[in-house]
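Let's take a look at how two protein chains sit against each other. Here is the structure to keep in view while you read.

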Amino acid sequence: MARYAMVIDTTKCVGCMDCVVACKTENNVPEGFNRDWITYETIGKFPTLHMEIRSERCNHCDNPPCVYTCPTGASHISDIGGIVLVDYQKCIGCKACIAACPYDARFVHPDGYVSKCTFCEHRIVQGLDPACVASCPTHCMYFGDLEDPNSEVKKLLNSRKYRVLNPETGTKPQIYYLI
Amino acid sequence: MNEVVITRHNNLIDPTLSIWGWEIPVYLFLGGLVGGMMLISGYFILTGRTKNTLCSCYRIPIIGIFAISLGMFLLFLDLEHKLYVWNLYLNFMWKSPMSWGAWILIIIYPILLLNITLRLPENVGIKLPKLNEISLKIQRNPFITKLIGALSMVFGGLLGAYTAILLSNFSARPAWNSPMLWTLFITSGLSSAAALVHLVGKDPEERHLLAKADNGFLIAEIIIIILMIIGFVSSSQVHIDAARLILSGPFAASFWVFVVFIGIIIPFIIQIFSVNNKIPHTNIAPIMVLFGGLILRFIVVYAGQYSQWPRNVFINF
Ligand code: SF4
Ligand code: SF4
């Protein structure tokens, strides 16, 4: 079975937020809410500063606490490449999954159900990249199947140094950041 | 310097989680209270106190049904997608404490109703003679009586524990993520229940006994709080930060003043005097215990939402 993942090159990201706008447009994300966002992190002491800019979203974790905690099965691991999705018809809006996600990747949609990044499921079933990946002007984002040894994402992870966010939480996130 | 700027600003999520308002702490308090009341009622039934017509084991389930119904209503109020609530009962998700809780809440009702039939309130017995007959049969059958007591204790304990396991299961929120939280909630539920039954109880001997028991629960509560704090401060940085929330952070003043002093220490001192017959039993001590139990739930729910894993990845840079 495929295992979809995203690889993001932090050395190329300029924080232009095109991915954010593309997601909001593609997925009709309501005003005031975000499925993806930019994090700017600065460390050091002037003038020796180090900065990283990352595009963040749901990590489509391999060990997703949001799915385990969901009392109705609305949050589930999909057959499409193991991505984590929410079935809006089953969601009661109890918000347990929001509390369970260490990345705060979910939010309550104004219509009452919980929403988050879907890796643009509707696009990937057609063989397209998620909107954020397709729109990135620096081409710093890659999407693909980690089970395929010839996929670009697999090759990048084999050849470059990378990290994931908060690995100590044990969620096995599937967004990889090249450093 | 390690500065993190995030462009996201989702309602109820940023800058800190605020998904659960007053409804959830009040519901958790009522759940713990009813759990504690069922434990006490079950204990009274199993120890043969049913012979005493003033036994509070006859009043507890009536109060319990109202309290748990109010709690469930609050839970419903908190849901964001209310019309889909029936989805809770289409599945049993064994990994989800909330699913366990939903089913426990449903099982609690028949147990409380069975407990009520142990001795029907007089007017109900007259109006429903058939039910009265069943009630008399149950009273005459010591096995069924004991079974009701045992079920009451088991499910009361489960209800009290689940309200905490629900929270401690969220490892994403370090302030909730303590294996001791369920013991704290059960003890606090027992102490609130003892206080409430003390308030409404009719038998002076039983009220005296409950004041004594409550003192034991209050001591246990203090010990558990100390052990929990030790557990947090001797753990990882996120847990140390979580302990700081109640040691010196934004929740410290309300925790020590309302939960520890007003909710535990002062009522403990008052009840020490009353159980030793130095002063008459007063209602003030149990009211303080109930108040402390309620504020404890508020602080735990809010502090947990406040605590989070660090957003920075350069910690070891
Ligand atoms: S990032 Fe959060 S919402 Fe996404 S799968 Fe992981 S735990 Fe669930
Ligand atoms: S809010 Fe919806 S998706 Fe999240 S845990 Fe509750 S029912 Fe599941």
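## Where chain A meets chain B

On one side of the interface, 49 residues of chain A are in contact with 45 residues of chain B. Keep in mind that this is a predicted model. Putting the two chains together buries about 4200 Å², and carbon and sulfur atoms give 57% of that area. On the chain A side, the residues that lose the most area to chain B are A:Ile92, A:Lys95 and A:Asp104, together 16% of what that side buries.

A:Lys95 turns up again in a salt bridge, where its side chain meets that of B:Glu80 at 2.9 Å, N to O. Three salt bridges are found across the interface of chain A and chain B, along with 24 residue pairs in polar contact.

So which elements of chain A each supply at least two residues of the side that touches chain B? Here they are:

| Element of chain A | Residues |
|---|---|
| Strand S2 | 37-45 |
| Strand S3 | 48-56 |
| Helix H2 | 65-69 |
| Helix H3 | 96-100 |
| Strand S6 | 107-108 |

S2(A) gives the largest share of that side, with eight residues. Sorted by class, the side of chain A that touches chain B has 25 nonpolar, 14 polar and ten charged residues.

S2(A) also pairs up with a strand from the other chain: five bridges join S2(A) to strand S1 (residues 2-6) of chain B, and the two run antiparallel. To spot this pairing in the model, look for A:Thr42, which stands opposite B:Glu3 in S1(B).

Definitions and conventions. Residues numbered from 1 in each chain as written. Chains lettered and ligands numbered in written order. Predicted model: local features only at pLDDT ≥ 70, side-chain atom pairs only at ≥ 80, totals over all residues. Heavy atoms only, no water. Contact = heavy atoms within 4.5 Å. Buried area = accessible area lost by both parts, 1.4 Å probe. Salt bridge = Lys/Arg side-chain N within 4 Å of Asp/Glu carboxyl O. Polar contact = N/O pair within 3.5 Å; in protein donor to acceptor, adjacent residues only side chain to side chain. Helix = DSSP H or I, 4+ residues; strand = E, 2+ residues; numbered from the N terminus. Nonpolar A, V, L, I, M, F, W, Y, C, P; charged D, E, K, R; others polar. Pairing = 2+ DSSP bridges.
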